[in-house]
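Biologist: Hi! I'm new to this one. Could you walk me through it?

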Amino acid sequence: MSEKNRDGKRTARERLAVEREKQKAAEKRRRTLIVGAAVVCVLGLAAVIGVVAANSGKNKSSSSAGPVVAPSGAQGKDGLAIPVGKDGARSTLTIWEDFRCPACQAFEAAYRPTLHELADAGKLRIEYHLVRLIDGNLGGTGSLRAANAAACAQDAGKFRDYHDTLYANQPKETDDAFASNAKLITLAGKVSGLDTPAYRTCVDGGTHDSWVNRSQKAFQSGGFTGTPTVLLGGKNIYQDQSMTPAKLKQMVEAGDRG
């Protein structure tokens, strides 16, 4: 083979190598752009959800919700927290949740036994804040109606049992079944002593609708972007990928020992 042919083949191989490197670089840039776009979409969706949820309080049902009536025993700023557990507990878990939220249901299913155990032992106090984020995202009123019904259950001293019943019977996120007061009252029948005339009047009358709307505004003002938001000592433990019920129990028990 002549030196000229060898040089030609070498040059061709070099050109191919250069071209492959260019293609690899272009593919890397493409993947980076896709990931970046996905992040922007997620952040954009969160912003849209926040805007829509903020406007969800302007619909007819919200504008006619009446005065803000906090449920019995509600605590914290503006009476927006429904407490479960003893006031003297050294650890407080703050949960912002939406009864239509599947992630909230998943959290409850995984952590409920541990939360009950710690609260019943006097080691943990839980403050529930009820919001209507999914109503603003997907439309409907199921988040509002369910939160009002849960607040009515708090009036009757049955919040925790009804809270757990709602999650155990949660419809699909896109199914606004909780918008039906009749459905919510039927579920109240699963909680001993809850389905009373007073409870039905509270649910059907939307007694705590304005309170739920105020809680939603507090959620937005707090800069939270999703449910559940679960805070222990001010830290969002739901974002901690290493968190487990066992780890949470260990942290609470360590706090209880001082």
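Modeller: Happy to! One term before we start: a crossing is left-handed if the near helix is turned anticlockwise from the far one by less than a right angle, and right-handed if clockwise. Helices (H or I, at least four residues) are DSSP runs, numbered from the N terminus. This is a predicted model, where local features need pLDDT of at least 70 and side-chain atom pairs count only at pLDDT 80 or more, while totals for chains, interfaces and linings use all residues. Residues are numbered from 1 along each chain as its sequence is written, and side-chain values use heavy atoms, with hydrogens and water left out.

Biologist: Great. Which way does helix 5 cross helix 9?

Modeller: Helix 5 passes helix 9 in a right-handed crossing.

Biologist: And at what angle do helix 5 and helix 9 pack?

Modeller: About 115 degrees, with the axes of helix 5 (residues 142–155) and helix 9 (residues 209–221) 9 Å apart. Axes here are lines fitted to C-alpha atoms, for helices over the stretch in contact, and angles run from 0 to 180 degrees between N-to-C directions. That makes helix 5 roughly perpendicular to helix 9 (65 to 115 degrees counts as roughly perpendicular, under 35 as roughly parallel, over 145 as roughly antiparallel and the rest as oblique).

Biologist: Which residues meet there, between helix 5 and helix 9?

Modeller: From helix 5, Leu144, Arg145, Ala147, Asn148 and Ala151 meet Asp209, Trp211, Val212 and Asn213 of helix 9. Contact means heavy atoms within 4.5 Å.

Biologist: How does helix 5 lie against helix 6, roughly parallel or antiparallel?

Modeller: Helix 5 and helix 6 are roughly antiparallel to each other, packing at about 155 degrees with axes 8 Å apart. Their crossing is right-handed. In helix 5, Ala146, Ala149, Ala150, Ala153 and Gln154 meet Phe159, Tyr162 and Leu166 in helix 6.

Biologist: Switching topic: is His163 buried or exposed?

Modeller: His163, which lies in helix 6 (residues 159–168), counts as buried at 1% relative accessibility. Buried means under 20% relative accessible area, exposed over 50%, partly exposed in between (1.4 Å probe, protein chains only). Not counting residues up to four places away in sequence, His163 touches Glu97, Phe99, Glu108 and Tyr128.

Biologist: And where does Lys249 lie?

Modeller: Lys249 lies in helix 10 (residues 245–257) and is partly exposed, with a relative accessible area of 26%. Leaving aside neighbours within four places in sequence, Lys249 is in contact with Thr114, Glu117 and Leu118.

Biologist: What comes just after helix 10?

Modeller: Gly258, which takes a positive phi of about 80 degrees.

How values were computed. Helix = DSSP H or I, 4+ residues; strand = E, 2+ residues; numbered from the N terminus.
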